[in-house]
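Good morning. Please look at the sequence and the model on the screen, and I will talk about aromatic rings.

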Amino acid sequence: MLGDGNGWVIGPHGEKYWGKFGAAGLFLQAGDAILMQHRAAWTAQGDTWGIPGGARDSHETASEAALRETVEECGIDPDRVRPLEEVITFEVPGWAYTTVIARTDDGAQLPVTANEESEELRWVPLGALRELPLHPGFAAALDRLIGHTEPHD
């Protein structure tokens with residue numbers, strides 16, 4: 001059911017995680033750049049930079065959820081995205097965040113339009129990602145994710 005994943009899960013030590021069935025984000029590469037989202041201040045861990053994503057619904061794979069969320073938050077054309085791999089980048093008992101490694105179909109940066117969950121969307125060169133104030137979960141997974149990037153010319 002659409003939207004049935006919206007809600008908090010309480011972790012084993014009382015911490016809260018968004019997404020009743022876990023959450024997923026899209027690590028979308030175009031050439032040497034990654035699509036980054038400056039999260040609105042009102043969102044969980046807002047005013048940080050990360051990848052677009054959100055709660056998984058009960059019927060979705062991580063790839064489906066990450067792509068749906070990115071379409072909602074960034075207005076991308078989903079037909080121009082090639083999901084390649086799902087990587088669990090954070091997990092506690094009963095909840096996981098999965099990062100979906102993806103590429104644009106032709107290596108080009110797709111046009112984006114931010115919704116209310118974003119202050120800004122930007123294609124950021126891989127080498128410049130750490131210059132941004134990163135979402136703590138994304139920052140912790142970044143080295144692992146960069147290992148999955150595709151070389152470019």
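Which residue lies over the face of Trp-8? Lys-16 does, at 4.7 Å from the ring centre. A charge counts as over a ring if NZ of Lys or CZ of Arg is within 6 Å of the ring centre and within 35 degrees of the ring normal.

Some background. This is a predicted model, where local features need pLDDT of at least 70 and side-chain atom pairs count only at pLDDT 80 or more, while totals for chains, interfaces and linings use all residues. Residues are numbered from 1 along each chain as its sequence is written, and side-chain values use heavy atoms, with hydrogens and water left out.

Now the pairs. There are five aromatic pairs in the structure. Rings of Phe, Tyr and Trp (its six-membered ring) pair if their centres lie within 6.5 Å; planes under 30 degrees apart are stacked, over 60 edge-to-face, the rest tilted.

One of the pairs is Trp-8 with Trp-18, edge-to-face, with 5.1 Å between centres and 75 degrees between planes. Trp-8 is in strand β1 (residues 8-10) and Trp-18 in strand β2 (residues 16-18), so this pair ties together parts 10 residues apart in sequence. Strands here are DSSP runs of E, at least two residues, numbered from the N terminus. Trp-8 is partly exposed at 43% relative accessibility, and Trp-18 is partly exposed at 34%.

Another pair is Tyr-17 with Trp-95, stacked at 4.8 Å centre to centre and 20 degrees between the planes. Tyr-17 is in strand β2 and Trp-95 in strand β8 (residues 95-104), 78 residues apart. Both Tyr-17 and Trp-95 are buried. Buried means under 20% relative accessible area, exposed over 50%, and partly exposed in between, using a 1.4 Å probe and protein chains only. With Phe-90, Tyr-17 and Trp-95 make up one aromatic cluster.

Methods. Helix = DSSP H or I, 4+ residues; strand = E, 2+ residues; numbered from the N terminus.
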